[in-house]
Amino acid sequence: MAKTHARFVCQSCGAATTRWSGRCDGCGGWNTVVEEAPRESAPGGLATASRKRGRSIEYASMDGPAEGAPRRVCGIAEFDRVCGGGLVPGSAILIGGDPGIGKSTLLLQVVAALAGSGTGAPACLYISGEEAVEQLRLRARRLDLSQSPVLLAAATAVRDIAASLDAAETPGIVVIDSIQTMFVDSLDSAPGTVSQVRASAQELIHLAKRRGFTVLLVGHVTKDGQIAGPKVLEHMVDAVLSFEGERGHQFRILRATKNRYGPTDEIGVFEMTDRGLMEVPNPSALFLAERRGNVSGSAVFAGLEGTRPLLVEVQALVSPSSLATPRRAVIGWDAGRLAMVLAVLEARCGLALAGREVYLNVAGGLRVSEPAADLAVAAALVSAASDQPVPAEMVVFGEIGLSGEVRAVSQPEVRLKEAAKLGFTRALVPPRRTRPGEKAKEKREGGDLEIQEIAHLQDLVARFAAEGPRRSSQEPERRTVGGG
Ligand code: TYD
Ligand code: MG
């Protein structure tokens, strides 16, 4: 069998080639291919003779006991929920996020909470390859955690770390901050390269499974949102959590993007304060805190993140443009979806937006990815274009189809309940989905909310047109470039 002499490895997808190239053939990334020392020898296939020496594996039935050791709950509810109800012993969790977003802070708080949880608390280790022990202590003092029994270490050599973890007394939780600083001395390449990151992670994960501790790996994220270098790392671990937030905003969101032990659509919301990360048990109230009532271009979207409803304000600004290609800018939402909503408004509802600049912002630094936000975005846009406010006590949700129809979304009751809880009294929603053979009910469940169903985007535009713009008497449809 031919040996691989590959020495050039893409730092993004891990594809290996024998020649350097500016663009990786595997993932198409530019300038991601880096020279690495060759592997000592690639393992060949199994020869027939050696295959005979293998022991046969044992099979088990599906109805046996499934309970392993109990999960470890740290008591920071936002973290526990994203993990699927606590940390599973023997599992590996990767926590990704931009530098400075608060990964180290979060994990220090989590292990301190775990270590200080009274009798039966697991022994917790925090191993940092980025900061010295004194720095970690300073952080702990600032977070008011210096009394907690977490053990700190500054180390980067995986061999040393593995040797001490393999000692008789195995800890319960180990944090490795960050996996990009770790190195295995049998490889020549520098720490942070794909092969080093992969080998270090493999070693630590293997040990975690064998000794039954939970390992939390911190991973830095590259510019395009991938966990630095190896996508491969995501396959090796049991759960991938990403810690996100807009710089300049104090909100941080922990999101599970992969979880072998729980759901992947849960989020945890935190607020970065000068005493560390605080849980935000009622994020809707916080995201809406700075909303000003009765301004045009603002609509409240009743969204859903995982099992939890979340109300956010969608803001739009439509302004005249002197550019041949007017500017379109989006923060917190998908630019492609904005283009679609604009095209539907233009083509199906006759709203002239082509010559005007459009800005869209999800207030508070949250990223919304649900298509259910379409109708709220459209409402904000039509409201901005007609200078007619969406009623301040109204929430909006619904998906928009290409013909302008408003489509039903998942779990409307949960969304409406949250809106009612926060004092909203009206809701603009898609028509009720009736299954074949089922008669449409007269009244729908909406608690104390006044429900207004909207079947087509035209009806939305008509609502604003009927009330007329506040300052100008022109109808929005007839406005042209530079008008208004
Ligand atoms: P850090 O956890 O070091 O980020 P990461 O490990 O993801 O790189 O957090 C860094 C930022 O958090 C830093 O800019 C300061 C801020 N911070 C606070 O605002 N309050 C605090 O109590 C702490 C510890 C950090
Ligand atoms: Mg850090």
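User: Helices (H or I, at least four residues) and strands (E, at least two) are DSSP runs, numbered from the N terminus. Between which elements does the loop with Leu366 lie?

Analyst: This is a predicted model, in which local features need pLDDT of at least 70 and side-chain atom pairs count only at pLDDT 80 or more, while totals for chains, interfaces and linings use all residues. Residues are numbered from 1 along each chain as its sequence is written, chains are lettered from A and ligands numbered from 1 in the order in which they are written, and side-chain values use heavy atoms, with hydrogens and water left out. The loop that holds Leu366 lies between strand 16 and helix 10 (374–386).

User: Is Leu366 buried or exposed?

Analyst: Contact means heavy atoms within 4.5 Å. Not counting residues up to four places away in sequence, Leu366 touches Ile253, Phe287, Leu310, Val312 and Gly332. Buried means under 20% relative accessible area, exposed over 50%, and partly exposed in between (1.4 Å probe, protein chains only). The relative accessible area of Leu366 is 3%, so Leu366 is buried.

User: Which residue is the bridge partner of Ile331 in strand 16?

Analyst: Strand 16 covers residues 356–362 and runs parallel to strand 15, with four bridges joining the two. In strand 16, Ile331 has as its bridge partner Asn361.

User: What angle does helix 11 make with strand 13?

Analyst: Axes are lines fitted to C-alpha atoms, for helices over the stretch in contact, and angles run from 0 to 180 degrees between N-to-C directions. Helix 11 (residues 412–421) packs on the seven-strand sheet, touching strand 13 (298–305), strand 14 (308–320), strand 17 (394–396), strand 20 (426–429) and strand 21. The direction of helix 11 makes with that of strand 13 an angle of about 125°.

User: Why is strand 4 said to be largely enclosed, and how many of its residues are buried?

Analyst: On one side of strand 4 are Ala92, Leu94 and Gly96, and on the other Ile93, Ile95 and Gly97, all buried. Strand 4 (residues 92–97) is largely enclosed by the rest of the structure because the number of its residues that are buried is six of the six.

User: Which residue of strand 9 is the bridge partner of Gly96?

Analyst: Strand 4 pairs in the parallel sense with strand 8 (residues 214–220) over six bridges, and there Ala92 stands opposite Val215. Five bridges join strand 4 to strand 9 (residues 239–244), also running parallel. In strand 9, Gly96 has as its partner Ser242.

User: Which residue of strand 8 is the bridge partner of Ile176?

Analyst: Five of the five residues of strand 7 (residues 173–177) are buried, so strand 7 is largely enclosed by the rest of the structure. Strand 7 pairs in the parallel sense with strand 5 (residues 124–128) over five bridges, with Tyr126 opposite Val175. Strand 7 and strand 8 also pair in the parallel sense, over four bridges. In strand 8, the partner of Ile176 is Leu217.

User: How are helix 3 and helix 4 turned relative to each other?

Analyst: Helix 3 (residues 103–115) and helix 4 (residues 133–142) pack with their axes 11 Å apart, at an angle of about 70°. Angles under 35 degrees count as roughly parallel, over 145 as roughly antiparallel, 65 to 115 as roughly perpendicular and the rest as oblique. Helix 3 and helix 4 are therefore roughly perpendicular.

How values were computed: Two strands pair if DSSP finds at least two bridges between them.
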